[in-house]
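Keep the viewer open as you read.

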Amino acid sequence: MSTLRSPEEIRREIERRRTFAIISHPDAGKTTLTEKLLLYGGAIREAGAVRAQKASRHATSDWLELEKQRGISVSSSVLHFEFSGHRVNILDTPGHRDFSEDTYRTLMAADSAVMLIDAARGVEDQTRKLCEVCRLRKIPIFTFVNKMDRHGRDPLDIMSEIEDVLGMDVVPANWPVGAGSDFRGIYDRLDRRLVTFSGGDHGAHRVDEKVIEGEPDSEGVREAMGVFADDALGGLELLDGAGVELDPIAVGKSTQTPMFFGSALTNFGIHPFLDRFLQLAPAPVSRKSDGEQVDPVSHPFSGFVFKIQANMDPDHRDRVAFIRVCSGQFVKGAQTTHVRTGKPIRLSNSTLLMGKDRIEVEEAFAGDVIGLFDPGIFRIGDTLADKPGVLYAGIPIFAPESFMRVEVAGVQKRKALEKGIEQLVQEGVVQLFRDPEGGSASWILGAMGPLQFDVMQHRLKTEYGVELSLSNLPYKLARWPQAGFEPEDYRYSERIRVVRDRDDHWALLAPSSWDFDRLLDRNEELVLAETPDPSLFERAG
Ligand code: G4P
């Protein structure tokens with residue numbers, strides 16, 4: 001059994017941790033990049049394993065059957081490996097745009113993000129949304145331009161698109177030499193050297209790298225660039241001439257993003273990226289709790305629940321709460337406090353999920369993510385802390401964009417239906433709204449996209465044995481009025497519906513933003529917010 005380590009050991013463990021999420025639009029190559037990071041990190045010996053693991057998970061899991069049918073990743077897991085003295089934690093996020101809410105929550109647990117961009121497609125819709133969340137949290141964003149083995153857009157073009165669309169200054173840490181089938185290396189602008197790649201067995205194994213030290217126009221570097229020298233030198237001269245240098249403070253505030261080039265498919269550029277990223281990315285930093293900054297090193301154990309998932313595997317019909325450790329050391333079996341209820345709890349059933357595999361965790365440190373078996377006591381956003389006074393801000397709730405009414409007429413197992421919905425709402429699969437008076441007959445479910453409803457129906461059927469019947473509602477937007485709001489004080493059109501959200505706050509649903517604009521025109525004193533508690537983003541920072 002593990003015991004508490006010395007303060008010096010705890011500090012060393014925390015400082016070597018790098019916990020990040022990869023954000024991208026579906027198909028940009030997130031699964032491939034994740035797998036290649038695992039390959040270079042030594043967690044897998046041959047690429048192909050992650051996809052294979054995905055496939056075997058399909059075979060053993062029935063609710064993930066939906067994943068198989070849709071060919072998408074619904075759930076997210078945590079992957080970790082050791083690399084050059086660092087403990088690397090990758091918070092894997094689902095890639096489908098409908099599951100962005102789950103992805104958003106995962107970003108609350110990350111210390112930095114890798115923004116993956118398809119070299120041919122540039123900044124896409126989902127990338128933009130996820131990037132906005134990272135910027136609200138002010139976590140550093142590292143840009144990896146992928147698929148350089150295909151003919152894509154001019155790197156300068158991609159740079160200016162990121163600057164224009166995402167509003168960050170882009171500082172290339174390296175620059176591509178050649179493109180498409182002729183992509184052969186990168187020039188490392190920070191170490192002033194060229195790295196060329198060869199071999200790699202179509203990406204199954206690591207590639208061979210050759211390093212040539214020197215300025216871009218030095219003889220050796222020029223010669224190794226071959227026919228691509230003029231092009232690469234042109235770009236590099238422009239960048240050096242512009243004189244924008246990497247500024248760790250600006251990166252830390254996500255106003256500047258370091259940019260890297262590579263190909264996850266062929267492994268070209270993965271190693272230089274991983275090396276530099278681990279050097280520049282932050283170790284866990286202080287987090288705001290109610291009124292004070294909690295230092296990850298000097299504070300004893302604390303953490304918060306950023307995700308709850310039940311019935312992940314039919315062999316283990318249980319509920320797991322994912323805890324991001326924010327300070328100190330987690331020791332299996334130790335006692336801590338569940339801050340919302342004020343009750344002491346013993347952290348005995350701790351697990352770590354590596355894809356499908358469960359590993360018992362004896363100890364963990366700030367930056368790590370652990371899974372705790374949850375007998376039904378945890379809620380998303382809950383704080384666990386050894387020391388009194390720590391309370392993390394919770395996880396912001398995003399406004400749904402799609403709404404459905406729950407049809408209860410004729411349902412045989414009403415109790416099971418209600419229990420199932422309550423449970424899955426707690427997990428955050430969908431959001432629940434109710435008419436002020438009226439029971440489950442007035443339940444409205446809200447989601448970021450229609451696929452979440454499919455997951456809800458599928459899980460209610462397989463896990464609770466009930467058919468969920470839903471009917472369409474015309475609403476597309478939700479808004480939350482300011483505190484003290486009383487519905488009868490205002491005038492509404494019939495298109496607006498006044499409901500209570502899960503936390504019993506008032507919320508308004510409408511088919512379009514036009515309806516809210518009209519409402520505000522008619523009721524000058526009304527103030528509406530786009531999320532129940534917009535300040536949570538900053539407080540979570
Ligand atoms: P995602 O998780 O972001 O959705 O993307 P994923 O890694 O599944 O990759 C999407 C597609 O892009 C896959 O092709 C993958 O092989 C390809 N891809 C990823 N990285 C690169 C790259 O660096 N270069 C090139 N040329 N392609 C890349 P697919 O045909 O959809 O799947 P598969 O048949 O290859 O498995």
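**Around the ligand**

There are 15 residues around the ligand, and D27, K30, T31, T32 and D149 are the ones that come nearest; a residue counts as near when one of its heavy atoms lies within 4 Å of the molecule. Before going on, a word on ground rules: this is a predicted model, in which local features need pLDDT of at least 70 and side-chain atom pairs count only at pLDDT 80 or more, while totals for chains, interfaces and linings use all residues. Residues are numbered from 1 along each chain as its sequence is written, and side-chain values use heavy atoms, with hydrogens and water left out.

Now for the polar contacts, meaning pairs of N or O atoms within 3.5 Å; within protein, one atom must be able to donate a hydrogen and the other to accept it, and residues adjacent in sequence count only if both atoms are side-chain atoms. T32 uses its side chain, placing an N or O atom 2.5 Å from an oxygen atom of the ligand.

Helices (H or I, at least four residues) and strands (E, at least two) are DSSP runs numbered from the N terminus, and two strands pair if DSSP finds at least two bridges between them. The sheet is open, with mixed pairing and the strand order 2-3-1-4-5-11-6. At its edges sit strand 2 (78-83) and strand 6 (169-172), each pairing on one side only. From one strand to the next, the twist averages 30°. Inside the sheet, strand 1 (residues 17-23) and strand 4 (residues 112-118) are parallel partners over four bridges, with I23 bridged to M115 in strand 4.

What packs on this sheet? Helix 11 (residues 270-280) does, touching strand 1, strand 2, strand 3 (86-91), strand 4, strand 5 (141-146) and strand 11 (256-261); contact here means heavy atoms within 4.5 Å. The direction of helix 11 makes about 90° with that of strand 2, where axes are lines fitted to C-alpha atoms, for helices over the stretch in contact, and angles run from 0 to 180 degrees between N-to-C directions.

Helix 11 also packs with helix 2 (residues 30-40), at an angle of about 80° and with their axes 10 Å apart. That makes the two helices, helix 2 and helix 11, roughly perpendicular, a label for angles of 65 to 115 degrees (under 35 is roughly parallel, over 145 roughly antiparallel, and the rest oblique). Helix 2 brings L33, K36, L37 and Y40 to the contact, and helix 11 brings I270, H271, F273 and L274. By class, that contact has six nonpolar residues, one polar and one charged.

A second open sheet has four strands in the order 7-8-9-10, with antiparallel pairing. Strand 7 (174-177) and strand 10 (208-213) are the edges, and the twist averages 25° from one strand to the next. Four bridges link strand 7 to strand 8 (residues 185-188), and V177 stands opposite G185 there. Helix 9 (residues 229-242) lies across strand 7 and strand 8, at about 160° to strand 7.

Finally, look at strand 17 (residues 335-338) and strand 18 (residues 343-346), which run antiparallel with four bridges. They form a hairpin with four residues between them, and G342 in the turn has a positive phi of about 75°. Q335 is bridged to R346, while H338 stands opposite K343. Strand 17 also pairs with strand 23 (residues 383-385), antiparallel over two bridges, where T337 faces A385.

How values were computed
Nonpolar A, V, L, I, M, F, W, Y, C, P; charged D, E, K, R; others polar.
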